Amino acid sequence: MTIKNLSKMAAMAAVLATGFASCSSDDEVNTEIVSGTQAALDQACADWKTARANWENSEAFLFGAADVYSIDPHTDTWPVDADALGNLLRDEDFMNDIDNQIKTASVGILGYHGIEYVLFRKGQPRNISQITELEYNYVCAVAKDLYNATATLEATWDSEESNVERHKIALAYISSHKGVNDDDEQTEELEGYTNFGKAFKNPGTGDWETALDATLEIIAGCQDIIGEVGDSKIGLPYSHEDDTYIESPYAYNSIVDFYDNIVSCKNALYGSVGATTPNTNSLIYFCLNSGNTTLKTQAQTVQTKLDAALAKIKAMKYPFAINFGDASCGEAINALSELDDALEELKTTLSGYGNDKVVQTQCQKINENYVDNVVLATYRTLADNAYKLYQSILKIQK
């Protein structure tokens with residue numbers, strides 16, 4: 001998720017210019033230092049990177065709960081609004097009720113990047129002597145809210161609703177949070193609870209009219225994040241259209257983020273988390289083995305372009321926050337564009353088989369496998385590691 005709010009860009013520009021200065025440097029803020037250990041802070045930073053990778057591995061399927069319940073903007077908005085955060089840390093009423101206030105606070109201070117802003121500087125864990133009690137209280141509340149958001153993702157994609165505790169968390173999250181529009185503004189109450197896993201597996205009961213419609217959504221979800229990584233995450237800074245548009249700038253995690261985003265596409269297309277070859281019930285396996293020469297050739301092209309895009313991202317000059325104008329970034333953008341084109345051709349061909357019962361039957365198998373072995377598996381690991389991150393952050397304070 002990305003933000004184009006000009007005030008946030010200005011805040012990020014100021015932060016970049018001052019070497020990521022902490023909001024706690026303002027004389028008006030209580031600068032009492034948290035009583036904790038560097039080892040505990042270092043562990044929280046390591047756990048942030050793990051939970052961050054899990055989130056980026058989910059970005060090929062930001063439809064469903066992540067969109068309907070505004071979980072994407074609520075947990076993954078950047079740049080961090082440093083000015084707003086500084087003001088909230090001075091707000092006694094807000095800080096005294098932070099666990100509740102954080103649920104409807106501006107998304108520019110929440111989620112992964114709000115936590116990152118407190119924990120990291122220039123790619124390294126901050127010195128524990130720089131973190132104030134107020135920052136600690138704030139980051140604990142944000143981490144708790146982040147866990148609740150990820151638990152909601154898991155629960156709403158679990159077609160069997162097997163985790164009772166996380167199902168309860170999801171109901172509470174949906175009833176207590178607000179929607180977020182494209183201008184980063186709180187909007188109406190969230191829609192009621194929906195089990196997106198059931199809807200995706202059962203065409204005609206939700207947003208997907210047929211099994212093929214749902215399968216085509218798998219491709220569209222991949223294209224959405226491929227376009228965002230190439231055009232926005234890498235493209236805006238690389239073209240100098242917006243030099244401040246840097247994802248994960250404090251942890252220097254940008255290139256890892258980009259890579260993990262495209263891994264999420266590979267997982268989605270190959271039908272399992274961490275797949276190196278297509279699962280027998282995956283979209284790519286079906287296209288390769290359908291007996292249709294066009295689909296087979298197009299699927300092979302997707303595989304080639306997918307691996308090429310991953311390789312080009314991995315070869316980008318580190319750290320992106322400093323080297324976003326390097327030629328290697330342009331090469332990654334081109335590789336991503338070629339991958340998007342290859343997926344578009346495959347999607348166009350596949351969409352012509354809406355009246356083919358054999359294709360619809362196979363798509364049903366693809367979709368069921370996708371829900372259980374890609375989406376739910378990713379979200380379950382994400383929620384587990386978001387909880388671990390929350391516990392690690394709590395332990396920063398002795």
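This is a predicted model: local features need pLDDT of at least 70, side-chain atom pairs count only at pLDDT 80 or more; totals for chains, interfaces and linings use all residues.
Lys-357 lies in helix H18, which covers residues 357–394, and at a relative accessible area of 72% this lysine is exposed. Although Lys-357 and Leu-212 are 145 residues apart along the chain, their C-alpha atoms are separated by 10.0 Å.

- Helix H15 runs over residues 293–314, and its 22 residues should span 32 Å at 1.5 Å a residue, a value with which the 32 Å between its end C-alpha atoms agrees.
- The buried residues of H15 are Leu-295, Gln-298, Ala-299, Val-302, Gln-303, Leu-306, Ala-309, Leu-310 and Ile-313; seen down the helix axis they fall within an arc of 150 degrees, so they line one face of H15.
- These buried residues of H15 pack against H13, against helix H14 (283–288) and against helix H17 (327–351).
- Turned away from that buried side, the other face of H15 carries Thr-293 and Thr-304, which are exposed.
- At the start of H15, the backbone nitrogen of Thr-294 has a side-chain oxygen of Asn-292 within 2.9 Å.

**Helix H2**

- Helix H2, made up of the 19 residues 38–56, reaches 27 Å from its first C-alpha to its last, which is close to the 27 Å expected at 1.5 Å a residue.
- The buried residues of H2 include alanines such as Ala-40, Ala-44, Ala-51 and Ala-53, and the tryptophans Trp-48 and Trp-55; also buried in this helix are Asp-47, Arg-52, Asn-54 and Glu-56, together with Leu-41 and Cys-45.

**The nonpolar core and Trp-157**

- The largest nonpolar core holds 119 residues, and those that touch the most other members are Ile-115, Leu-119, Tyr-138, Trp-157 and Ile-234.
- Leaving aside residues up to four places away in sequence, Trp-157 touches Phe-63, Gly-64 and Ala-65, then Phe-196, Gly-197, Phe-200 and Trp-208, and finally Val-371, Val-375, Leu-376 and Tyr-379.

- The side chain of Arg-166 makes a polar contact of 3.2 Å with the side chain of Tyr-147.
- Not counting residues up to four places away in sequence, Arg-166 touches Tyr-147, Ala-151, Glu-154 and Ala-155, and it also touches Arg-380, Ala-383 and Asp-384.

**The S3–S4 hairpin**

- Strands S3 and S4 run antiparallel and are joined by two bridges, and Val-180 stands opposite Gln-186 in S4.
- Five residues lie between the two strands of this hairpin, and in the turn Asp-184 has a positive phi of about 65 degrees.
- Asp-182 is placed in the loop between strand S3 (178–180) and strand S4 (186–189), where its relative accessibility of 76% is over the 50% limit, so this aspartate counts as exposed.
- The C-alpha atom of Asp-182 is separated by 26 Å from that of Phe-320, a residue 138 residues apart from it along the chain.

**Cis peptide bonds**

- Trp-78 and Pro-79 are joined by a cis peptide bond with an omega of about -5 degrees, and Pro-79 lies in the loop between helix H4 (71–75) and helix H5 (82–90).
- The peptide bond from Tyr-318 to Pro-319 is likewise cis, with omega near -10 degrees, and Pro-319 has its place in the loop between helix H15 and helix H16 (320–323).

Conventions:
Residues are numbered from 1 along each chain as its sequence is written. Side-chain values use heavy atoms; hydrogens and water are left out. Helices (H or I, at least four residues) and strands (E, at least two) are DSSP runs, numbered from the N terminus. A nonpolar core is a set of buried Ala, Val, Leu, Ile, Met, Phe, Trp, Tyr and Cys residues joined through side-chain atoms within 4.5 Å. Buried means under 20% relative accessible area, exposed over 50%, partly exposed in between (1.4 Å probe, protein chains only). Contact means heavy atoms within 4.5 Å. The expected span of a helix is 1.5 Å times one less than its number of residues. The arc is that of the directions from the helix axis to the C-beta atoms. A polar contact is a pair of N or O atoms within 3.5 Å; within protein, one must be able to donate a hydrogen and the other to accept it, and residues adjacent in sequence count only if both atoms are side-chain atoms. Two strands pair if DSSP finds at least two bridges between them.
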